[in-house]
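Here is a short note for someone opening this structure for the first time. Please read it with the model in view.

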Amino acid sequence: MLLIPWFIGMALFRVYPIIASFVNSLYQFQPIRGTREFIGFDNYVRIVGGSRNAYGDWVWNFPHFWDSVSATLTYVLLGTPLVLIMAFFVAFILNFKLKGVNLFRTAYYIPSILGGNVAVAIVWSQVFGGDGPVNAILSIFGVDPISWTRDEFFAPFTLIFLSAWQFGSVMLIFLAALQNVSPTLYEAASIDGAKKTRQLFSITLPLVTPVLLFNTVNVLLRHFQEFNAAYLITLRGPNRATDFLVILIYEYAFRRMQFGFALAMSMMLLLIIGLLTLIVFITSKYWVHYSD
Amino acid sequence: MKKMLLAVCLAAIAMFVITACGGNDATPAGGAATPAPATPAPTPAPVETPPPVAEDWQLNDGNPATITFEWWGGDARHAAINDAIAIFTDRYPHITVNPIYGAFGGYLDRLTMDLAAGTEADVLQSNFAWVHALGDGYNVFANHNTLPYLDLTEWSDDLRAFTTTRDGELSGVPHGITGRVVIYNTEMFPNGFPATWDELIEVGAEIAANNTAVDGGNNRYAFFPVGYQSWDIILMTMILNEYGVNLQGGGQILPSVDQVEAAFEVMGRAIEAGALPTFVQQEAPLDTTNPVWMQGRAGGLFEWVGNIFLAAGNFGDNDPGARQVEGVGVALLPTMTAGTTANSMQRPSLVHAVTQGAVNRGVDHIAAYFLNFLYTDPDALLAIGDQFGVPLARSAAATADAEGQVWGLMADGLDLLVANTGDMCHLFEDPNLRPARAAAIEAFRTGGATAREAAERWVAEQQSYLNAMN
């Protein structure tokens, strides 16, 4: 009985929108014009279908989607581990009893509070601009200026760096987990002659793996939902190198008014996220260690 | 001069509308022009005798009612319109007008959501392209031909043709016209902006002779178009001026691959010579606060007439928004062939429309009365001032003229614009066609496509969207 309110909320605000989105993705759906024509899986065929051209090369019906999948996966698969590594590394250091440690904890958390807003995007554009501080520092080492936001190769990395910079909340969760590791385990390991590195890999890391799993899924989802940075800093380019799926879906729904098609892409995104999350959960039995 | 300007505006609009999307009257250069299949301009319905103005108590039979008015703009526009609303509600105290306003960013998203949910405002400000993209025959906007109280004699037939959609429905009323013109640095171009691309490339190469930074640095450029819309309009204007063909007609993309390729090649030569920036050199911020322009390192920008003061004011030691600007001139785009008519692509600057939602809610007559009030009431016109730009509706234009609102660089820009009329096809800013062109131009500028490949993409991708639309 006590779970009924939760079930109602779940059904109304989670399950229903997903089902409604799937149903509407089977239509040529245009709520503004009031048109809704059933077209079966045509929207999906437009996304995943293709044919061989005169030269025998495979050509997607809608290559833009696959460009976006590529851009999104690049961002997610490089950005997620980077955030986790950064967050864990800083949390590990901040777990030591250092002078002024609280100040550092706050300082590292601030970028997370700022989030991916417009002001941050502008600052980031300037930091990585042609004559920005990043290039100024690189020039000291004789590196020619790099176009961080206008070069097809570097633009995704600029956004990944921005994401990594905002590791504060992930770091705090790691820090809480680290503080829960019993000091007696380290004392016992020291008595047995284990060095700090061995303690890190044999005690600390295994004991925080449940939190690592939680953070991995969370950061993964956050990266799939990234919108502002690519929209404002790299303007989705160059040549769609940072044209993430959520922006493409937004464009087709609210700019091109192709709601049914946008919903089909949303379903594809849900599938991709679901698959990756499933992989993380299935593999977790090999690397996540619960204390019981 | 100002009266003459407004008269020329109206005459130019007439020419503009007559040519519609199909082609223009520009003399094709070098005999290479392909005659453009003409697409008939929408024919506005004839205007009947102006409706009577309601006495204060008559509006809605004296019963209380509420309407909403949504617009975008800056603080000055918000204040001016709120003043006009206050005048209206003082005069008709039983009517409440709820204002909804904000910045342009996000406006279309909110509008789309509201339209989908049926909660759109009763009267709203719209872009020209949205009237066609959102409402063309789909009951998003009311048919203004049949609205009571709206005095359509305020707008000429030609002006109304802009917002006439399928089946002769009038989906809104345009406020004025706008287009992009070159504003140039007179120190860099003391004899005026080059008239042809060849001249610009030649001068641009000299200006760029000391450009050493591949990423921009302190380089100087003869011409620095900001934002992909500028590059898009530049390419289309080149095609329009050189070959006399516009974007589309009869569901077909009119420029041939060869014609688009030729325009891309000229653009490529200008980039190669340093007259135009490369893609990498043109970093954000992509607006008129770009330091390249502000610091006097750009020979020119390509800006909307309505933005002239903002753009020119950001130049050198001028004050942003200043009308009296030192060191800045106004010109048209260069042409590909000497002696060819240089046209500029124009479209309505703003559209105001009563929505179908107002009809459904039974307040369309009040919404229409309010819209008419904004365009005809002397007090409202004075309150609004030039906050919507230069008006072309009869009463609003007369007030702007009497109040001396059109002068300085903006007047110069409008003079140029209306004297060199081109036409922006109503599908030019369509949300499906424009990204296709932008992607082709970006691919070319980043070296991802040759002029030929970019031209093929420019034509083919737009054509596929047109096919899907039809």
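The points below take up the interface and then the aromatic pairs.

1. The model is predicted. In it, chain B and chain A are in contact through 25 residues from chain B and 26 residues from chain A. Between them the two chains bury about 2300 Å², and 53% of that area is on carbon and sulfur atoms.

2. One salt bridge is counted between chain B and chain A. D109(B) pairs with R255(A), and their closest N and O atoms are 3.1 Å apart.

3. On the side of chain B that touches chain A, α3 (107–117), α4 (128–135), α16 (433–445) and α17 (451–469) each supply at least two residues. The largest share, six residues, comes from α3(B). By type, this side of chain B has 16 nonpolar, four polar and five charged residues.

4. Over all chains there are 54 aromatic pairs. In one of them, F69(B) and F370(B) have ring centres 5.4 Å apart and planes at 70 degrees, so the pair is edge-to-face. F69(B) is in strand β1 (residues 65–72) and F370(B) in helix α12 (residues 364–376), so the pair ties together parts that are 301 residues apart in sequence. F69(B) is buried at 0% relative accessibility, and F370(B) is buried with a relative accessible area of 0%.

5. The rings of Y184(B) and F189(B) have centres 6.5 Å apart and planes at 75 degrees, so this pair is edge-to-face. Both residues, Y184(B) and F189(B), are buried.

6. One aromatic cluster in chain B includes F69(B) and F370(B), with W71(B), Y149(B) and F373(B) also among its members.

Notes
Residues are numbered from 1 along each chain as its sequence is written. Chains are lettered from A and ligands numbered from 1 in the order in which they are written. This is a predicted model: local features need pLDDT of at least 70, side-chain atom pairs count only at pLDDT 80 or more; totals for chains, interfaces and linings use all residues. Side-chain values use heavy atoms; hydrogens and water are left out. Contact means heavy atoms within 4.5 Å. Buried area is the accessible area (1.4 Å probe) that two parts lose on being put together, summed over both. A salt bridge is a side-chain nitrogen of Lys or Arg within 4 Å of a carboxyl oxygen of Asp or Glu. Helices (H or I, at least four residues) and strands (E, at least two) are DSSP runs, numbered from the N terminus. Ala, Val, Leu, Ile, Met, Phe, Trp, Tyr, Cys and Pro count as nonpolar, Asp, Glu, Lys and Arg as charged, and the others, Gly among them, as polar. Rings of Phe, Tyr and Trp (its six-membered ring) pair if their centres lie within 6.5 Å; planes under 30 degrees apart count as stacked, over 60 as edge-to-face and the rest as tilted. Buried means under 20% relative accessible area, exposed over 50%, partly exposed in between (1.4 Å probe, protein chains only).
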